[in-house]
Amino acid sequence: MSFSIHHLPIPGDTLLSPMDGYSDQPFRSLCRGLGSAMSYTEFVKAEDVLERIAHVDEKLAFTEAERPVTFQIYGDDPGKILDAALRIQERGPDVIDVNMGCPAKTISARGAGVGLMRTPEKIAEIFRLLTTHLEVPVTGKMRLGWDESTRNYLQVAKIVEDNGAQLLAVHGRTRAQGYGGQADWDAIAEVVDALKIPVIGNGDVTTVADIDRMKAHTGCAGVMIGRGAMYNPWIFSWLERDQVPPDVVRTTMLRHLELNLAFYGPERGLVLFRKYASRYLSPYAMTREVRQRLMTRETAEEFVALLEEVVAGAKLGAGELQLQEMEGVDCAV
Ligand SMILES: Cc1cc2nc3c(=O)[nH]c(=O)nc-3n(C[C@H](O)[C@H](O)[C@H](O)COP(=O)(O)O)c2cc1C
């Protein structure tokens, strides 16, 4: 299946979530290559764009093969969000998205991220401004509200649509829930029913079977996968994690490492790859000592040599494959 964002056809209906610190250019490219239907960048702060802070270039870098590409922006000042959006539009994204979901205190407490959901009139102004002045389609990503007593998702969803947005992604939790409990897919279904624009369902999709369940339960146009893809990027090729043979794990890891080294350079590329490596290898039985050695190799050559050993061992112990709980994931945002 597929859907469109205004006139832009999206080649598929399952895609990688924007994730600060994770959905960088190498990981997005990897997932896109495995079947993720489009790319969302990590979010950038409107003020950082306007002040030309260096990390913005890194976060918004993308390759042509990643298209369709959505740039995500956050802020609490409609005028600054517009100015920043106009500036990043010059870099050629296909879509610009407004974050209304980040629960991190430093962001939401000042009224940005999910903090915007407490000021629906500001959301109306932001979308009115962006959809009037930008050439690319504008989309939004939100949670269900601030807390249990203010689950104003239907009100906000309508406002977003009425002010010209072309798509809305909904993570089925409130700010107060953080990443705990279960995402409320009934609420996502309500948003799907209430809107004419495509709605993307998000929250707790970790298996291929979940993708089908989310679609059937909510009627959403697309499914967005965040934490589950950190363990199983092969989900975009319709493989459950325990169906991925060690050889494929090895090849994909080498490809991801190569992309990281090319993008960040040899030192940072390897350091930043470790967090993914640890998740990719989490199903395999590995002694604490081997894991520790793997995570402290200082050159890519040493890392690859040890990885080959681990994967060769995993072949023998394939029966021990099991998925780790996701509790340990760093969910600061
Ligand atoms: C480490 C991390 C970083 C995130 N960064 C962003 C972000 O930059 N923008 C955004 O809209 N959502 C962000 N999210 C939220 C995810 O996009 C997604 O909504 C959430 O993880 C729920 O989906 P899941 O259950 O598939 O993980 C982040 C989540 C995590 C775990």
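I will begin with the whole chain and then turn to two details.

Please bear in mind that this is a predicted model. The secondary structure of the protein comprises 14 helices and 10 strands. Along the principal axes, the C-alpha trace spans about 60 × 40 × 35 Å. For 333 residues, a compact globule would have a radius of gyration near 20 Å, and the protein, with 20 Å, agrees with that expectation.

Let me now turn to the helix pair. Helix α6, residues 120-133, packs with helix α7, residues 153-162, at an angle of about 20°, and their axes are 9 Å apart. Angles under 35 degrees count as roughly parallel, so α6 is roughly parallel to α7. The crossing of the two helices is right-handed. On the α6 side, the contact is made by P120, I123, A124 and F127, and on the α7 side by Q155, V156, I159 and V160.

Finally, the ligand. Which residues are the closest to the ligand? They are S17, M19, D20, G226 and R227, within a surrounding set of 26 residues. The elements that contribute two or more residues to this shell are strand β4, residues 39-45, and helix α10, residues 227-231. By class, the shell holds 10 nonpolar, 10 polar and 6 charged residues.

Thank you for your attention.

Key. Residues are numbered from 1 along each chain as its sequence is written. This is a predicted model: local features need pLDDT of at least 70, side-chain atom pairs count only at pLDDT 80 or more; totals for chains, interfaces and linings use all residues. Axes are lines fitted to C-alpha atoms, for helices over the stretch in contact, and angles run from 0 to 180 degrees between N-to-C directions. Helices (H or I, at least four residues) and strands (E, at least two) are DSSP runs, numbered from the N terminus. Angles under 35 degrees count as roughly parallel, over 145 as roughly antiparallel, 65 to 115 as roughly perpendicular and the rest as oblique. A crossing is left-handed if the near helix is turned anticlockwise from the far one by less than a right angle, and right-handed if clockwise. Two residues are in contact if their C-beta atoms, placed from the backbone, lie within 7 Å. A residue is near a molecule or strand if its C-beta atom, placed from the backbone, lies within 6 Å of it. Ala, Val, Leu, Ile, Met, Phe, Trp, Tyr, Cys and Pro count as nonpolar, Asp, Glu, Lys and Arg as charged, and the others, Gly among them, as polar. The radius of gyration is taken over C-alpha atoms; the globule rule is 2.2 Å times the number of residues to the power 0.38.
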